[in-house]
Amino acid sequence: MELALRMAHRMLGRTAPNPAVGAIIADETTGEIITRGWTQPGGRPHAEGYALDLAGARARGLTMYVSLEPCSHHGRTPPCANAIVAAGMRRVVCAIEDPNPEIAGRGLAVLRDAGVVVDLGLCAEEARWMAAGHILRMTRDRPFVQLKIAVSADGLIAPGDGAPRWVTGPEARQFAHVLRARADAILVGRKTVADDNPELTCRLPGLEGRSPRRIILDAKFRTSPTAKMLQTAERVPVTIFGDTRSTPPPYPRGVEVRRMPAGPDGRLNLSVALESLAAEGVTRVLVEGGPTIAGAFLAADLVDEVVIGHGTETLGSKGRMPVGDHGLEFLARSERWQTVEERGIGADRLSVHRRTGRFASEPTP
């Protein structure tokens, strides 16, 4: 199952609107891995069908490990549960059920009714986080939200002056590009565009084609049409959310303008923006904005995972607080945040923190 989860992990950011799933066909009498399958780019074929096609007749009588319940409905491809039965498989070990109301236990029922032995729940917690974008889209009508922050040794972020200012080393910055490649969309606020003028593309060798769609929250449409990000909009799309009462300037080709009512404070409703993205099939959003955007997402309890790069230099009076007017002390609330990873990355340190209570099987503090 851990191998199946690794197969799913490699496809994060490439399968929307479908979840990234991994499937392994194994001969448990010999311990041999027969085939490894994963959801293909664009979401088709599914991992199970891909693994079955590779295995052919060898699949009969064997076991499949799969990170998410096989589908049971007819869509653009035949149901995976039926394909598993037709292949004559003896056993299926499944990490978690699919919350999609078109499936929701029906795939496992198809298998059991056909006499296939089904075991459910192996590596369930890890599988839920792997499929978090799909689960949250099905149960909360929004994508998975990952907040990325880079802070100095004294816990501050660098002020922008029209170009990026780095507080972490090259290895940590390269990892930030990996996070982009695993996202369906990157989101920032207007001020980040004005302060840093970022491109927000994935520029790692070999991953240049995996730059996700870029989202700007800009209630009054003050983003300059000459911003660097907008100059590449025909290649990597840009969507700007703004207030219905505001008029956008003429933006370059490839820039989509989307209006929504702003609140009494003049700010856009983050939940509405996320719901709009989820309705289009976006499952994973990477928030790379500044302290205002970070603070707003955290205040609305819309952040599921926080990834922090901790640099070695200090900024002192030149630095800014990373979350609104506050630092990272919110992570000290152990009933709400769990640290799941801490490791070195070059000369810097990386930490990953997850919000508890995001799934039905977890308590919600």
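The structure holds two cavities of 30 Å³ or more. A cavity is a set of points, on a 1 Å grid over the protein atoms alone, where a 1.4 Å probe fits but cannot get out. This is a predicted model, in which local features need pLDDT of at least 70 and side-chain atom pairs count only at pLDDT 80 or more, while totals for chains, interfaces and linings use all residues. Residues are numbered from 1 along each chain as its sequence is written, and side-chain values use heavy atoms, with hydrogens and water left out.

- About 90 Å³ of space lies in the largest cavity; a volume is the space filled by probe spheres set on the grid points, which are joined across faces, edges and corners.
- The largest cavity is lined by 17 residues, of which Leu12, Pro19, Ala20, Thr283 and Arg284 are the closest to its centre; a lining residue has an atom within 4 Å of a point.
- Helix H6 (residues 132-140) gives the largest share of this lining, three residues; helices (H or I, at least four residues) and strands (E, at least two) are DSSP runs, numbered from the N terminus.
- By residue class, the lining of the largest cavity has eight nonpolar, six polar and three charged residues. Ala, Val, Leu, Ile, Met, Phe, Trp, Tyr, Cys and Pro count as nonpolar, Asp, Glu, Lys and Arg as charged, and the others, Gly among them, as polar.
- The second largest cavity has a volume of about 40 Å³, and its lining consists of Phe144, Gln146, Leu179, Arg182, Ala183, Arg284, Val285 and Leu286.
- Strand S6 (144-151) and strand S11 (284-287) are the elements that give two or more residues to the lining of the second largest cavity, and S11 has the largest share with three residues.
- Five nonpolar, one polar and two charged residues make up the lining of the second largest cavity.

**Second largest pocket**

- The second largest pocket holds about 530 Å³ of space; a pocket is an open set of points with protein on both sides within 12 Å along at least five of seven lines.
- Its lining has 21 residues, and the closest to its centre are His9, Arg182, Glu305, Glu341 and Arg354.
- Elements giving two or more residues to this lining include H1, S6, helix H7 (170-181) and strand S12 (305-310).
- Helix H5 (124-130) is also among those elements, and H5 gives the most to the lining of this pocket, with four residues.
- The lining of the second largest pocket divides into ten nonpolar, two polar and nine charged residues.

**Nonpolar cores**

- A nonpolar core is a set of buried Ala, Val, Leu, Ile, Met, Phe, Trp, Tyr and Cys residues joined through side-chain atoms within 4.5 Å; buried means under 20% relative accessible area, exposed over 50%, and partly exposed in between (1.4 Å probe, protein chains only).
- The largest nonpolar core has 49 residues, and those with the most contacts inside it are Ile25, Leu52, Met64, Met89, Ile96 and Leu111.
- Helix H1 (residues 2-9) gives the most to this core, with five residues.
- A second, separate core has 33 residues, among them Ala219, Ala273, Val303 and Val306.
- Leaving aside neighbours within four places in sequence, Ile25 has contacts (heavy atoms within 4.5 Å) that include Ile33, Leu52, Leu62, Met64 and Met89.
- Leu3, Ala4, Leu5, Met7 and Ala8 are buried in H1, and what covers the buried residues of H1 includes S1, S2, strand S3 (63-66) and H5.

- Strand S1 (residues 22-27) and strand S2 (residues 32-38) pair in the antiparallel sense over six bridges; two strands pair if DSSP finds at least two bridges between them.
- Ile24 stands opposite Arg36 in S2.
- S1 and S2 form a hairpin with four residues between them, and Gly31 in the turn has a positive phi of about 80°.

**Backbone details in loops**

- The peptide bond from Ala16 to Pro17 is cis, with omega near 10°, and Pro17 lies in the loop between H1 and S1.
- Arg44 and Pro45 are also joined by a cis peptide bond, with omega about -10°; Pro45 is in the loop between S2 and helix H2 (47-55).
- Leu200, although not a glycine, has a positive phi of about 60°; Leu200 is buried at 3% relative accessibility.
- Phe221, not a glycine either, has a positive phi of about 50° and is buried with a relative accessible area of 4%.
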